[in-house]
Every structure is written in structure tokens, then in C-alpha cells.
Amino acid sequence: MLDCKHNTELLSQSLERRITWRERLAMRMHLMMCRGCRNFEKQLAFIRKAARELPRKL
Amino acid sequence: MSAIDPEDLQQHRSYLVRYAILQLRDPHLAEDAVQETLVAAIEGRDKFSAQSSLRTWLVGILKHKILDMLRRRAREPQLNVAEGEDENELVDALFKENGRWAAPPQTWNEPEQSMENTHFWEVFEQCNQRMPLNTARAFMMREFMEMSTEEICQELSISTTNCWVLLHRARLALRECLDINWFGNVR
């Protein structure tokens, strides 16, 4: 079973590379059961969006 | 076409300085980078086509100047030694020994609306400043300058895996900082 620590690593890496279907499966399984990581996933997407918006907000 | 007036350039100056500070984290270096950018812009004004906005064009030049500056600094050994960043501390604090969250992330209230708030951007910048140097640098290259992971690895002379680790730590740190300082999730 994937733990939260490794799951967050995978979530982060999925922004950097194409993750394998095995990894994706493990990630989805974990996310189904873990609210903390679900929140983390959404926040990760928000952080990327915000950082990319920053040049327009200077 | 050389329709660039030096006065137009000056108008963009303060924006460029703020942009450079975010990436270089040093006002003097940022000033230098912007100065070089403006000189390059004047010298290369024939290459500017009115199709793109002047600011976009200037930022394009500035990005190169910033990278040049980082490269020059990387060659000064004493600066690298000063980088005793032990960032595992953060990761260790966030997760328990069994790999579970020490404090699972709570929902963020209306994050999209935050982006309309100028104070949010101040907090966001402060959170960036608080990150350890290399971590912040990698993160800003990736998200702010929108470079690819490969380009960043090359710039920082680190492996792809290291690059992912840095980016991940940056995201964890930024999340934590925004969580506490903006979304007000007290732990």
C-alpha cells in the first residue's frame, strides 16, 4: 500500500512526467481512501496555477 | 522596425525588477539583470516586432539575463558551500514515521477567489522568499519562468530525480506556508 508521503511524491511527479499506469492505479486507490491527500491534490493544482499567474500580478 | 523609445523601456523597469527579484532573491543582482536587459533591448531593438507586446519581449530577454547571472554565481564556489540546506527536516515534520500525514491537509476555502486579492499575492511572495534558496530557485524556474524539468536539471547541474525532489519539497513548503498564513488552518 502506498503511504501518504509517497503518494504526495507521485502527485508532484505527475506534474513532471508521465507516470505509469501502475503508479496511477496505486495513487487513485490511495486517494479514494485518504481525504488529506485529496485535499493535497487539489492544492497542488492550485499552487501551480497561482505560480503561473504570478507574473501577471506583479 | 525600431519603434522603441527608451522612455517606454523605463516604464517597464519596475515590473522587470520585481520579476527578477522573485527569481534571484537579491535586489542588487536583480537591478543588474534588468540593466543588462534594457541595454540589450536598446541594442537589439531592430529585433522587436510590434506583434508581441513590449513587456513580453523584455521578459523574454530578462529570463536569459537571469539565467546568465545564476550561471555566473554558480561558478563562485563559496556561494555553493553556503547552501547547507537540510530540507528533509520539513518532510520529516510533515509525515509520521509510518508515512502518514502528521496533520492531514484541510480543505482550502475558495482558493480561486484568493487570486483576486492583492494581499494573497503578498503572502504568496513571502512564502516563496521563505523557501531555502535552491528549492525556491528550482520551483520558480519551473512554475514562474515555465522552464521544463530538463532545462532546470541542466541549469542547476542536478539529476532529474533530484530535480523532482526539489520541486516536490518546494510544493510541500509552499502549501504549508499558504495553509498557515493565508487559509488560516491552525494546527
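This is a predicted model: local features need pLDDT of at least 70, side-chain atom pairs count only at pLDDT 80 or more; totals for chains, interfaces and linings use all residues.
Student: How many helices and strands does chain B have?

Tutor: Helices (H or I, at least four residues) and strands (E, at least two) are DSSP runs, numbered from the N terminus. Reading from that end, the elements of chain B run α-α-α-α-α-α-α-α-α-α. The count for chain B is therefore 10 helices and 0 strands.

Student: What distance separates the centres of domain 1 and domain 2 of chain B?

Tutor: Domain 1 of chain B covers 6–78, and domain 2 covers 85–181. Their centres are taken over C-alpha atoms, and the separation is 25 Å.

Student: Which residues of domain 1 of chain B lose the most area to domain 2 of chain B?

Tutor: Buried area is the accessible area (1.4 Å probe) that two parts lose on being put together, summed over both. For these two domains of chain B the value is about 1300 Å², with 54% of it on carbon and sulfur atoms. On the side of domain 1 of chain B, 53% of what is buried belongs together to the residues that lose the most, Leu22(B), Gln23(B) and Arg25(B).

Student: Which residue meets Glu155(B) in a salt bridge?

Tutor: A salt bridge is a side-chain nitrogen of Lys or Arg within 4 Å of a carboxyl oxygen of Asp or Glu. By this rule, 2 salt bridges are found across the interface of domain 1 and domain 2 of chain B. With a distance of 2.6 Å from N to O, the side chain of Glu155(B) meets that of Arg71(B).

Student: Why is helix α8 of chain B described as largely enclosed?

Tutor: Buried means under 20% relative accessible area, exposed over 50%, and partly exposed in between (1.4 Å probe, protein chains only). Helix α8 of chain B, residues 133–144, is largely enclosed by the rest of the structure because the number of its residues that are buried is 10 of the 12.

Student: Is Leu24(B) buried or exposed?

Tutor: Leu24(B) lies in helix α1 of chain B. Leaving aside residues up to four places away in sequence, Leu24(B) touches several others, including Ile66(B), Met69(B) and Arg137(B). Because its relative accessibility is 2%, Leu24(B) counts as buried.

Student: Which element gives the largest share of the side of chain B that touches chain A?

Tutor: In this interface, 40 residues of chain B are in contact with 30 residues of chain A. The rule finds 6 salt bridges across it, and one joins the side chains of Glu16(A) and Arg171(B) at 2.6 Å, N to O. Elements that give two or more residues to this side of chain B include α1, α7 and α8. The largest share, 8 residues, comes from α10(B).

Definitions and conventions:
Residues are numbered from 1 along each chain as its sequence is written. Chains are lettered from A and ligands numbered from 1 in the order in which they are written. Side-chain values use heavy atoms; hydrogens and water are left out. Domain bounds come from an automatic or database domain assignment. Contact means heavy atoms within 4.5 Å.
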